[in-house]
Amino acid sequence: MSILSNFQVIADNFTYFMIGRWPAGPLGGVGLTLYLAVVSCILSFFGGLILGLLSVSRHRWISWPSMLFINTVRGVPLLMVIFWMYFLLPALFGKVPESQTVIMALTLFTSAYMSQIVRAGIEGIGTGQMEAAVSTGLKHWQAMYYIILPQGLRNMIPSFVNQFVSLIKDTSLAFIVGVSELTHVGTQINNRTMAFPTEIFFFIAVVYFILCFAFTSLSRWLEQRLAWRKAI
Amino acid sequence: MIQFTGVHKWFKQLHVLNDINLHVTPGEVMVVCGPSGSGKSTLIRTINQLEPIDQGSLVVDDMDLSDKKTDINKLRAEIGFVFQQFNLYPHLTVINNITLAPIKIRNTPKKEAEEQAMQLLIRVGLAEKRDAYPAQLSGGQQQRVAIARGLAMRPKIMLFDEPTSALDPEMIGEVLQVMQDLAKTGMTMVVVTHEMGFAREVAHRVVFMDAGTILEEAKPKDFFCNPQHERAKQFLNQLLTPMHGAGALCD
């Protein structure tokens with residue numbers, strides 16, 4: 001039997017790899033992986049933006065607590081955050097679907113990292129821009145909104161995409177709390193068939209690679225589209 | 001219009017403004033000069049509170065800057081500020097650079113704000129650049145747009161912090177010309193500059209600073225022909241010789 005025929009296990013379970021039991025049952029596999037990543041990404045974009053703005057606040061009683069929070073979250077392994085959410089949220093709010101506890105954990109974790117991208121992006125815009133804006137009479141928040149952020153956000157795009165790519169890979173940790181995303185589906189099939197761990201996990205690695213590569217390429221395209229004429 | 005009384009400022013240990021007493025009257029053009037690090041930029045930046053003062057009193061347009069209740073944004077809207085590095089907004093076109101503040105602060109309708117901006121662009125000779133981005137302009141053109149942006153809020157005072165120091169020599173003239181035209185309209189202006197020709201032609205008064213202190217305050221003719229302070233004589237000599245000789249600006 002040639003090695004290629006072993007990959008029959010992938011073909012046999014392809015739909016299950018891609019979407020789990022959906023539409024008859026819950027979404028799983030690559031579909032759920034993307035769902036977790038995209039929802040967490042959108043939430044942590046706003047979370048990171050807010051945390052980042054708080055952490056560059058001129059008022060210490062705002063910036064210090066937010067930096068403390070950010071550094072605490074960044075100092076804890078993601079797996080620990082997932083466990084925390086997994087046990088904490090049901091204790092606080094009753095029954096919460098596992099996928100949502102994972103989204104919360106990923107959002108919290110990624111927001112902390114995103115906030116530092118936002119912080120660097122804001123600080124990367126020279127003080128001259130802020131001074132020019134406030135010297136025309138704009139309030140600090142108006143200068144931030146109309147002048148600093150539009151310039152900063154464009155510079156942040158590559159780092160945001162890096163973070164999103166990490167996020168796609170981080171969703172694999174959801175398998176630990178029984179959320180049937182791609183890695184979990186892979187272990188399920190492996191346990192059932194027993195004989196093809198190499199083929200299965202090779203396939204999963206390739207799928208993760210394709211997803212991440214696609215988003216990196218998208219970002220490069222986006223950057224070029226948004227590039228505006230830099231100062232001479 | 002602008003009244004400094006016993007103003008002090010420190011950067012950590014450095015005493016950057018030392019007992020400044022100065023009065024600028026409406027319609028006056030005052031040039032501030034002095035060697036690097038003399039505190040002249042800091043002085044002009046205190047007027048719209050880009051730098052807060054530590055001690056003394058500073059009253060601008062009847063608003064007391066040492067009073068916590070003074071609305072600093074309202075004050076700044078009445079003062080145009082032109083920077084050495086232009087600081088145009090690179091992501092906005094020329095016209096949007098100029099109309100942003102009137103639209104957002106004064107709620108001027110967009111159309112009206114753009115008409116006013118075009119008037120200003122005509123005044124600085126850049127009407128055809130309305131839709132260009134700052135990076136497509138030369139340094140001199142950028143600075144003229146920055147002056148138009150400063151004028152867009154119809155300020156009572158215009159401040160210039162070394163407006164020509166970052167320019168190539170052949171572009172200095174066009175910017176100084178715009179400033180001279182502005183001075184003729186009766187605008188109150190405080191100008192930090194090394195352009196002594198401009199000081200002689202346009203200023204009503206010249207202030208010479210060194211080490212955070214105002215050493216000399218005189219009419220341009222008196223300052224250039226008959227500087228009182230030893231440090232001022234030295235400064236003028238360094239600035240003017242050997243090309244012109246010390247008396248070049250005095251005739």
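Student: Which residue forms a salt bridge with B:Lys40, and how far apart are the closest N and O atoms?

Tutor: Side chains of opposite charge can pair when their charged atoms come close. In this predicted model, B:Lys40 forms a salt bridge (a side-chain nitrogen of Lys or Arg within 4 Å of a carboxyl oxygen of Asp or Glu) with B:Glu162, and the closest N and O atoms are 3.8 Å apart. The pair links distant parts of chain B, 122 residues apart, since B:Lys40 belongs to helix α1 (residues 40–47) while B:Glu162 sits in the loop between β7 (157–161) and α6 (169–184); helices (H or I, at least four residues) and strands (E, at least two) are DSSP runs, numbered from the N terminus.

Student: Is B:Lys40 buried or exposed?

Tutor: B:Lys40 is buried, with a relative accessible area of 4%, where buried means under 20%, exposed over 50% and partly exposed in between (1.4 Å probe, protein chains only).

Student: Which residue pairs with B:Glu28 in a salt bridge, and where do the two lie?

Tutor: B:Glu28 pairs with B:Arg205, and their closest N and O atoms are 2.6 Å apart. B:Glu28 lies in the loop between β2 (14–24) and β3 (29–33) of chain B, whereas B:Arg205 lies in strand β9 (residues 205–210), so that the pair links parts of the chain 177 residues apart. B:Glu28 counts as buried at 8% relative accessibility, and B:Arg205 counts as buried at 15%.

Student: What does the salt bridge between B:Arg144 and B:Glu174 tie together?

Tutor: Their side chains meet at 2.9 Å, N to O. B:Arg144 lies in helix α5 (residues 139–151) of chain B and B:Glu174 in helix α6, so the pair ties together parts that are 30 residues apart in sequence. B:Arg144 is buried, with a relative accessible area of 12%, while B:Glu174 counts as partly exposed at 26%.

Student: How many salt bridges does the whole structure hold, and which residues are linked in a network?

Tutor: A search over all chains finds 17 salt bridges, and A:Glu131, B:Lys9, B:Arg45 and B:Glu51 are linked in a network of them.

Student: How many helices and strands are there in chain A?

Tutor: Chain A has ten helices and zero strands, its C-alpha trace spans about 75 × 50 × 30 Å along its principal axes, and buried residues make up 46% of its 232 residues.

Student: Which conventions apply?

Tutor: Residues are numbered from 1 along each chain as its sequence is written, with chains lettered from A and ligands numbered from 1 in the order written. Local features need pLDDT of at least 70, side-chain atom pairs count only at pLDDT 80 or more, totals for chains, interfaces and linings use all residues, and side-chain values use heavy atoms, without hydrogens and water.
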